[in-house]
Amino acid sequence: MRRVKQITLTLLLSGIVSGAWAFSPEGLQQQGPSEEVLAELSGQHLDNPDSIATGRQLFGNTCLFCHGPEGKGARAPSLVTGAWRPGGGNTPEYLYSVVINGRPGTIMGSFRESHTDEQIWQIIAFLRDVSTKIAGEAK
Ligand code: HEC
């Protein structure tokens, strides 16, 4: 009898743990595009003048209010300097994951519903272009 109870409890607990995982930000990320799709999106949009131009407009409509002109920071952090500069440690894929998941508990919301993957990568292309230029000027 005791053993049955133990097994039931174990099953119940593992159910709760895996359920929590499904709702964690990492869990949500798992449901996002595969690595191949992400590689395709970044290849298609980064350094593409059309994507950068469209991304500039999208950024102006949606992100500028908090992240400042050209993403240089305002009430929200800079997205083009520090760890966000090219080679600075924060990858375009990480930027993408923050934008689709948001930062729970802050005013940084999720843009998963309001923007397509295409549009998010156009915004990333714009921010990369700005950060590449800033890095060039600093040399
Ligand atoms: C309502 C204000 C607001 C808007 C609009 C907004 N953000 Fe944010 N964002 C924030 C704040 C505040 C943070 C910092 C959250 C924290 O403390 O972790 C943040 C954080 C981020 C980060 C992580 C920065 C870091 O260094 O860790 C990224 C990337 C980001 N935002 C991208 C965007 C993009 C792209 C858009 C437009 C699609 C956008 N945000 C729109 C307020 C905003």
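Is C66 buried, partly exposed or exposed? Select C66 in the viewer: with a relative accessibility of 22%, this cysteine counts as partly exposed, because the buried class ends under 20%. The structure holds zero disulfides.

**The whole chain**

Please bear in mind throughout the tour that this is a predicted model. Display the whole protein and colour it by pLDDT. The average is 86, and 78% of the residues score at least 70. Now select residues 15-24, where pLDDT stays under 50. The model gives this stretch five contacts beyond four places in sequence. Continue to residues 26-30, where the pLDDT is again below 50; here the model has eight contacts beyond near neighbours in sequence. Where pLDDT is low, the predicted coordinates should not be read in detail.

Next, switch to a cartoon view. The protein has seven helices and zero strands, and from the N terminus on its elements read α-α-α-α-α-α-α. Of its 139 residues, 29% count as buried. Among contacts with a separation of 6 or more, 57% are between residues 24 or more positions apart.

**The iron site**

Which residues of the protein coordinate it? They are H67, through NE2, and M108, through SD, at 2.0 to 2.1 Å. The iron atom has six donor atoms, with angles of 87 to 178° among them, and its site is octahedral.

Now trace the chain from one of these residues to the other. H67 belongs to helix α5, residues 64-67, whereas M108 is in the loop between α6 and α7 (117-138). The pair therefore ties together parts that are 41 residues apart in sequence. With a relative accessible area of 10%, H67 is buried. M108, at 22% relative accessibility, counts as partly exposed.

**Helix α6**

Select residues 92-101, which form helix α6. Why can this helix be described as largely enclosed by the rest of the structure? The reason is that eight of its 10 residues are buried. Then step to G102, which follows α6 and has a positive phi, near 70°.

Move to S51 in helix α4, residues 49-62. At 4% relative accessibility, S51 counts as buried. Which residues does S51 contact, leaving aside its neighbours within four places in sequence? They are Q44, H45, Q122 and A125. Display the side chains of S51 and H45, which are joined by a polar contact of 2.8 Å. Next, draw a distance from the C-alpha atom of S51 to that of Q122. The two atoms are separated by 4.8 Å, although the residues are 71 apart along the chain.

Not counting residues up to four places away in sequence, S131 touches V80, W84, R85 and P86. Show these residues together with S131 to see what surrounds the serine in the model.

The last stops concern the backbone. Most residues other than glycine have a negative phi, and most peptide bonds are trans.

Select D47, in the loop between α3 (35-45) and α4. What is the phi of D47, which is not a glycine? The angle is positive, about 65°. D47 is exposed, with a relative accessible area of 72%.

Finish at E70, in the loop between α5 and α6. E70 is not a glycine either, and its phi is positive, about 55°. With a relative accessible area of 26%, E70 is partly exposed.

Note on methods: Residues are numbered from 1 along each chain as its sequence is written. This is a predicted model: local features need pLDDT of at least 70, side-chain atom pairs count only at pLDDT 80 or more; totals for chains, interfaces and linings use all residues. Side-chain values use heavy atoms; hydrogens and water are left out. pLDDT is the predictor's confidence in each residue, from 0 to 100. Contact means heavy atoms within 4.5 Å. A disulfide is a pair of cysteine sulfur atoms within 2.5 Å. Buried means under 20% relative accessible area, exposed over 50%, partly exposed in between (1.4 Å probe, protein chains only). Helices (H or I, at least four residues) and strands (E, at least two) are DSSP runs, numbered from the N terminus. A polar contact is a pair of N or O atoms within 3.5 Å; within protein, one must be able to donate a hydrogen and the other to accept it, and residues adjacent in sequence count only if both atoms are side-chain atoms. Donors are N, O and S atoms within 2.8 Å of the metal (3.2 Å for Na, K and Ca); water is not among the atoms, so sites may look incomplete. Four donors count as tetrahedral if all angles lie between 85 and 135 degrees; four count as square planar and six as octahedral if opposite donors are over 155 degrees apart and all others between 65 and 115; anything else is irregular.
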